[in-house]
Amino acid sequence: MAKADKPPQTTGPASPKAPLSLRVGSVMDIQGEVVNVDYSLDLSDIVLSGGHKPFTAPVAVKGKVENTAGITTLSYIAYLSMDLRCDRCLAIFHKEEQPDFHHVLVRRLAGEDNDEFLVLPEGLLDVTETVVSDILLWLPFRHLCKEDCKGLCSHCGCDLNETTCDCAHLD
C-alpha cells in the first residue's frame, strides 16, 4: 500500500471516540473478498511519559481487510499529527507520520500463542483496539526535535540549540 502525502477523508463512526469493530468472517471464508477500512480515531486522551498528550488531531486510518489465496490480511496506514516533547532539550515540536501496519488474521492457531497473527475466532475485528495497540508499540521510546539536538546545559539548563553559555566549558 503506497503512502499518501495527505490524510484521506474518513468515513466511519460519527464520533472519532466511537469504537469500530468489523465482521470479517465472510472475508476470511471467501478468496478475493475485500473490506475497506476508512476510519477516524480520537487519541487525544492518550498520555505518554511525563504527562504529555501528543495526539493533536484525530488519527485517520485507511486500509483494507483482504483474502488473497486463502490468507486474510489487515493492512492500513495511520495518519498521525503529533506534538512531542524532545527528550534532550524539552522543546515541544510538531511531527506528522504515516506508519503502515500489516496483520495476518486467523480464526485459531494450531500450536502455541504467536504474536504474528490476530486471532478472531468469531470473525470480529476490533479495529480500534488494534490501531491503538499498533500505534503505541510503534512510537519510539525517545523523541528528538532533530537528530543533532544539543540538549540542555547540565550546569545552567539553557537550551544549547538556541544559545551558548559560559559554563559549557566546565565539562
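Author: A pocket is here an open set of grid points where a 1.4 Å probe fits, with protein on both sides within 12 Å along at least five of seven lines. The model under discussion is predicted.

Reader: What volume does the largest pocket have?

Author: The largest pocket is lined by 15 residues, and Leu 48, Ser 49, Asp 87, Phe 141 and His 143 lie nearest its centre. By class, this lining has eight nonpolar, four polar and three charged residues. The space in the largest pocket is about 320 Å³.

Reader: Which element gives the largest share of the lining of the second largest pocket?

Author: The second largest pocket, with a volume of about 260 Å³, is lined by 14 residues. Strand E7 (117–119), strand E8 (124–126) and H2 each give two or more residues to this lining. The largest share, five residues, comes from H2.

Reader: Which element gives the largest share of the largest nonpolar core?

Author: This core has 32 residues, and those with the most contacts inside it include Val 37 and Phe 55. Elements that give two or more residues to the core include helix H1 (25–29), strand E4 (71–85) and helix H2 (127–138). The largest share, six residues, comes from E4.

Reader: How many disulfides does a search of the whole structure find, and why?

Author: A disulfide requires two cysteine sulfur atoms within 2.5 Å. The closest cysteine sulfur to that of Cys 145 is in Cys 86, at 3.7 Å, and is therefore too far for a bond. For Cys 153 the closest is in Cys 167, at 3.4 Å, again too far. The number of disulfides found is zero.

Key. Residues numbered from 1 in each chain as written. Predicted model: local features only at pLDDT ≥ 70, side-chain atom pairs only at ≥ 80, totals over all residues. Heavy atoms only, no water. Core = buried A, V, L, I, M, F, W, Y, C linked by side-chain atoms within 4.5 Å. Buried < 20%, exposed > 50% of the residue type's maximum accessible area, 1.4 Å probe, protein only. Helix = DSSP H or I, 4+ residues; strand = E, 2+ residues; numbered from the N terminus. 1 Å grid on protein atoms, 1.4 Å probe; cavity = no way out; pocket = protein on both sides within 12 Å on 5 of 7 lines; lining within 4 Å. Points joined across faces, edges and corners; volume = space filled by probe spheres on them. Nonpolar A, V, L, I, M, F, W, Y, C, P; charged D, E, K, R; others polar.
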